[in-house]
Amino acid sequence: MVRPTQLLHTPRTPAALRPAATVLLLRDSNDPAQPGIEVLMTRRSMTASFAPGAYVFPGGGIDAADALAHGQSTRRATQSDLHLTQAIAAIRESFEELGVLLARRPDGSHLGTADIAALDRKMPFAQLCDANALTLDGAEVFVLAHWITDRDLPRRFDVPFLVARMPEGQEPVADESEQFEPLWVRPADALARHAAGSFFIIFPTIRTLERLQTYPSVQALLGACAVNDEPLFTSCPRAGLLGGTESRHMEHEAPFGELALVSPDGQIVHSLDWQHQRPVALLKNVQRLTAPNPGFMTGPGTNSYVVGDPATGHTVIDPGPDEPEHLERLWRAAGGDIRAIVCTHSHPDHSPGAPRLQALCTAAGHEKPPILGLPSAITAREHSRFTPDRTLADNERLVLRAPDGTSHTLRVVHTPGHAANHLCLVLEEDGLLFSGDHILNGSTTVIDPPDGNMGAYLDSLDTLAALCDTHHIDFILPAHGYVLGDLRRSADNPSAPAEGGAKAAITHLKAHRLAREAKVGRAMTSLPHGTLDDWVKLAYDDVPERLWPVAKRSMLAHVERLQSLGGFNL
């Protein structure tokens with residue numbers, strides 16, 4: 001867990017959450033040229049306190065009376081008390097705002113639009129249902145998603161996005177006070193109109209419509225929601241700046257972990273733009289400077305990290321390629337006070353800059369910082385030869401300490417797999433894992449035999465997962481891409497501490513690797529006399545063909561591992 005003293009921004013308490021419920025009323029399109037789902041949306045009042053003028057799904061706050069109306073509603077056997085209360089609130093809100101009533105007469109029929117028009121929308125809802133012998137359709141309302149309003153906003157809601165089929169024989173009639181202009185729209189059309197600037201919708205609505213458009217029919221969506229009777233996804237987004245404009249992101253999206261590290265309380269201050277001229281402060285004691293070597297294999301470039309502060313001096317992790325301007329920027333980011341240079345491995349985008357950076361320090365009159373790491377193995381390619389000034393031992397601790405006792409301790413972890421001489425580093429005081437190329441954000445690591453070994457790679461993932469528990473690691477700082485931290489909130493208690501963190505990302509990565517290996521095994525079984533060129537078409541059929549030459553390198557590592565396990569003798 002990051003020390004509060006190392007956070008860049010003053011802690012603040014986000015606004016309290018208010019319970020609410022929203023319902024997506026759905027119907028199937030009757031246009032054969034445009035099949036799929038249509039959803040009912042309506043425009044909020046221009047004077048609304050939250051998202052004025054936005055097109056939304058009907059909904060509102062949960063009343064105490066909603067929890068007392070369970071006896072007036074149908075209920076699925078798997079439907080929890082909370083979900084039933086939310087369904088009743090959504091039914092009430094859709095009636096009050098749009099005159100749509102998900103309730104049935106004793107004979108099982110729905111009321112028609114004319115019947116609903118005769119009802120008093122201002123009457124207490126439970127009383128109105130009793131007076132008209134109506135049973136609420138709570139069993140026909142399902143939970144699609146669970147949204148928790150971003151931490152930066154002054155009004156925040158804890159709200160399920162529910163789904164239900166629109167009753168036949170009813171037409172929406174807006175209350176003309178909270179909601180206006182109800183309309184039926186295909187999710188794809190709503191998104192296109194928003195992109196064109198003619199249909200204002202907010203972030204949760206956008207992301208929900210994106211999910212909605214993947215289902216071919218209302219029944220397909222309701223069936224998916226009924227499987228576990230829990231939200232298909234839960235999100236409390238975070239926001240940063242891209243090109244100077246707010247950019248919001250869900251937990252599974254690349255920038256989320258970095259925003260969680262830099263702005264844990266939701267301050268919208270962190271730039272997500274990739275650039276190479278200036279170091280990016282992630283904490284008071286951690287800076288990242290990305291080398292100007294973007295490309296197919298390096299993404300935005302190689303991330304060099306500067307750990308420490310003026311009182312302790314600094315350790316540089318992965319100086320990167322031998323690029324003079326980048327190395328001078330690194331030297332300046334450390335104020336010239338570099339105590340050690342650590343290379344996570346010897347690939348040409350990581351270690352070649354170390355000697356020049358070391359020379360910059362001595363030329364300025366500072367003590368010569370040692371170049372640390374593991375020597376390259378005999379299996380390394382010629383361009384990856386590397387001999388450090390000193391070999392780092394597994395579990396060795398590199399300590400920077402200030403006169404006042406403040407320390408920054410990097411624990412060395414040998415992690416062969418991507419390269420035989422690969423290592424990672426754990427910043428113990430702050431629970432950070434510097435993963436080099438072992439774990440990346442935005443792509444999977446290439447395992448290229450003979451120096452790369454898939455069995456060793458997977459074993460090293462297990463080692464890192466165990467360290468996440470012992471050192472309370474929440475964030476992974478990779479050599480390529482944003483900080484990783486897949487922090488998911490509990491659906492039952494969104495205010496509880498985040499679950500998952502670095503270990504969740506590692507678990508997901510290992511599962512992905514094993515799933516790919518299973519596909520490789522099936523390809524080998526189906527074509528027992530095939531070649532890598534034959535198998536890659538089957539095992540990587542979900543990857544663009546232009547990437548197959550690189551994919552074949554990792555596939556060879558999978559083949560070697562499968563053979564070592566005794567499953568294949570080819």
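Which residues line the second largest cavity? They are Asp273, Trp274, Gln275, Arg278, Val280, Arg288 and Thr290. A word on ground rules: this is a predicted model, where local features need pLDDT of at least 70, side-chain atom pairs count only at pLDDT 80 or more, and totals for chains, interfaces and linings use all residues. Residues are numbered from 1 along each chain as its sequence is written, and side-chain values use heavy atoms, leaving out hydrogens and water.

Back to that cavity: a cavity is a set of points, on a 1 Å grid over the protein atoms alone, where a 1.4 Å probe fits but cannot get out, and lining residues have an atom within 4 Å of a point. About 40 Å³ of space lies in this one, counting volume as the space filled by probe spheres set on the points, with grid points joined across faces, edges and corners.

What about its partners? Strands pair if DSSP finds at least two bridges between them. Five bridges tie β16 to antiparallel β15 (residues 303-309), and a hairpin of three residues joins the two. On β17 (residues 338-342), which runs parallel to β16, there are four bridges, with Val316 opposite Ile341.

Definitions and conventions:
1 Å grid on protein atoms, 1.4 Å probe; cavity = no way out; pocket = protein on both sides within 12 Å on 5 of 7 lines; lining within 4 Å.
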